[in-house]
Amino acid sequence: MNNSRNNRQNDWISRPCKVLLLLAATAASTYGGWVDPDTPKEFYQTESLFEGDSREYDLVFSDEFEQEGRTFEDGTDPRWTAIDKNDYTNEALHFYRPQNVQTTQGSLNISTILKSNKYKAFDEEKLKYYADAKHIQSGMVQGWNKFCMTGGIVEFHAKLPGDPTVGGLWPALWMLGNLARATYVGSSNYIWPYSYNRCDEKNRHSQQISACSKVGHYGMMPGLGRGSPEIDIVEAMMGSDEKLPNTNVTRPYFSTSLQIAPGLDANRPNLGKLPKKGYWYEGLEYGNETQLNPFFYGVTLEHKPKQFTYQSDAISANTHIGKDHFKSFHKYRMEWEPPDDDGTGGYIKWYLDDRFLYGIQGKNLALTKTEIPSEPMYLIMNTAVASSWGFPKPCPEGCDCSCFKCGDPECICGMPDGFCDNFPAFFAIDYVRVYQARGEPKHVLGCSTEKRPTARFIMGHKDDYINKIDGQKEPLLPVQRGGGYCRQSGDCGYPNKGECSSSNKCICSERYTGPNCLSPDGFDDNPPLAEVIEFDQMALSPAMLSMLALAIMVFMLFVGLAVLKRRKQAIADYDQLLDTSHAANRFDADDMARVMVRDRELQQSQLPKDAVGSNEQDSYQKGGGAPYNPMGGANDGQTTVTYCMIDGRLLDEQRSTN
């Protein structure tokens, strides 16, 4: 190995030299980088539940959550980040805090509690910030820009939170394309949930990364439409079990969905009603326990100007569940096969306790010419609370429905019955496991892959992925390995994970990380190179490198001399202006103000009489009136008065031009 490396270094003539620009190196390359050591060996392989798939599947990611006391603040875990921010989406009533996510009794526990959080909100109409508060605190943990997958099997073993007969909680297990970060609205604008690779005038404005682009920016392929589709594995709806319109599924139930864009613009189904034949996606597969979801067909994402507005579609099904799903753990599974390179084929299938629920094939999406996702996608676990999910609709008569604070009598009428008694609520996830087909090139790990890079785009739009209001400067902090405070080695996961030093700081063993060494390490087994740039074989020979360095030095010397010469000339010109012969022309601030007033009066005297006194200001987009004049006046023979001022000195008399 060393000999071959030396030969490559000295072989300047026969082989090209590649300079690797590693823009977002995430890991080293060894076997089993994302597999939790606590996963039993018997679960290292699995088979597809789809009869048409006979491939062997290997475990590529797992988290068993066996270690007690793991926390997930930014910079503490290689797999997950528990976000610390307000949620602006879906009429959310909660504030996310990292302390609401931790491991207890062998499971990941997401707690939802009654607790007030003040925050800085933004008024979209007045375009200014104001102080506001939310009175429910919950947790979201996401794998954004850490672990991502393209294709494979995802399996959650989970127990749902709260009372199944009381509405209001919104537990979810889902996936999102890495180009958008969940709850960071700036990152999802014109990105979520696009899964579309066609160039057309109708969608090129609203799809930020469009197939119409002839140039590949941020390392992306030109002419390839990109986005952030969404796959919902579980979205649970609780509440009373009365008959619901146009479905035999009653609450509690959970939804399984594919959300994509662009969606249907016209003849859309009405909420609560079944779609007309030929006006919705056809050929979808339903299990014996599952029916079409008539309560959510997607959302319209409105932007200005109008051509930036676009429609998304939710292709969704509902499955009834019972009280046992809130008392015991059940297995929620999704199998995802990406499409071929031309966008055809592929499928998504959902299962509950190994029973088939729902399936979407690539051919079912012909109505909108969208595709089964091929983007790197990450995992999300959270419990939301939103007035758009399980709350009384429409608002009861005589009720405010803008107040959602438990304990305030004026707020009770706008909440579901028993809502305030449903806290605290605990969403428990026993494990997460991901499998991919052995030898399948369409099944890829990594958040920025060779065919679907994301790293440079995220770096170029960093502000969209951070919470600037709270002073966040980087999307993700580096994971701290060791250094956490400890009193004894047990605080550091002793004997396998780490030990406590004499200075009361944790020292991590191999394969474990985090401040207290409680998290299994994680990295892609074969991370793709972010970018490879090839140069001509002679371009980087030792002689050429020396010549290039010399040329750069000569160029920098030339530029430096030119700048110095111009600076000296500027100083000489400025000193000449300070000559006393111009003293009589010096203006103070009051003189300058009088000149500006006289100039404005002169221009107004030349306006049409019906325009004088009008408060309306035409924008550059409005038609009519005199042509735009960059000197500030109108054309058509009107006079423009100009003055030349430096440092408060009048350099020449006023000049009038017609």
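A: Two residues are said to be in contact when they have heavy atoms within 4.5 Å. Leaving aside neighbours within four places in sequence, threonine 256 is in contact with Asp232, Ile233, Ile315, Ser316, Ala317, Trp350 and Tyr358. The model is a predicted one, in which local features need pLDDT of at least 70 and side-chain atom pairs count only at pLDDT 80 or more, while totals for chains, interfaces and linings use all residues. Residues are numbered from 1 along each chain as its sequence is written, and side-chain values use heavy atoms, with hydrogens and water left out.

Threonine 256 lies in strand β15, where helices (H or I, at least four residues) and strands (E, at least two) are DSSP runs numbered from the N terminus. With a relative accessibility of 1%, threonine 256 counts as buried; buried means under 20% relative accessible area, exposed means over 50%, and partly exposed covers what lies in between, with a 1.4 Å probe and protein chains only.

Strand β15 (residues 253–260) pairs with β14 in the antiparallel sense over six bridges, two strands being paired if DSSP finds at least two bridges between them. Strand β14 (residues 230–237) is largely enclosed by the rest of the structure, because eight of its eight residues are buried.

A salt bridge is taken as a side-chain nitrogen of Lys or Arg within 4 Å of a carboxyl oxygen of Asp or Glu, and a search of the whole structure finds 26 of them. Aspartate 63 forms one with arginine 70, with 2.8 Å between the closest N and O atoms, and aspartate 63 and arginine 70 are both buried. Another salt bridge brings together the side chains of arginine 433 and glutamate 64, at 3.1 Å from N to O. This pair links distant parts of the chain, since arginine 433 belongs to strand β25 (residues 425–437) and glutamate 64 to the loop between β3 (56–63) and β4 (81–82), 369 residues apart. Arginine 433 and glutamate 64 are likewise both buried.

The salt bridge between lysine 462 and glutamate 474 has an N to O distance of 3.2 Å. Lysine 462 and glutamate 474 each sit in the loop between α3 (455–460) and β27 (498–500), 12 residues apart. Lysine 462, at 27% relative accessibility, counts as partly exposed, as does glutamate 474 at 40%. Elsewhere, salt bridges with shared partners join Asp53, Arg55, Glu337, Asp340, Glu440 and Lys442 into one network.

Counting a disulfide as a pair of cysteine sulfur atoms within 2.5 Å, the structure holds nine. One of them joins cysteine 395 to cysteine 401, with an S to S distance of 2.0 Å; the torsion about its S-S bond is about 95°, so this disulfide is right-handed. Cysteine 395 is partly exposed at 34% relative accessibility, and cysteine 401 is partly exposed at 23%. Cysteine 403 and cysteine 411 form a disulfide with their sulfur atoms 1.4 Å apart, and both of these cysteines are buried. In the disulfide of cysteine 406 and cysteine 420 the sulfur atoms are 2.0 Å apart, and the torsion about the S-S bond is about -90°, so that disulfide is left-handed. Cysteine 406 and cysteine 420 each lie in the loop between β24 (377–385) and β25, 14 residues apart, and cysteine 420 counts as partly exposed at 21% relative accessibility.

pLDDT is the predictor's confidence in each residue, from 0 to 100; the protein averages 84, and 79% of the residues score at least 70. Over residues 532–539 the pLDDT is below 50, and this stretch has 19 contacts in the model beyond near neighbours in sequence. The pLDDT also stays under 50 over residues 580–658, for which the model has 65 contacts beyond four places in sequence.
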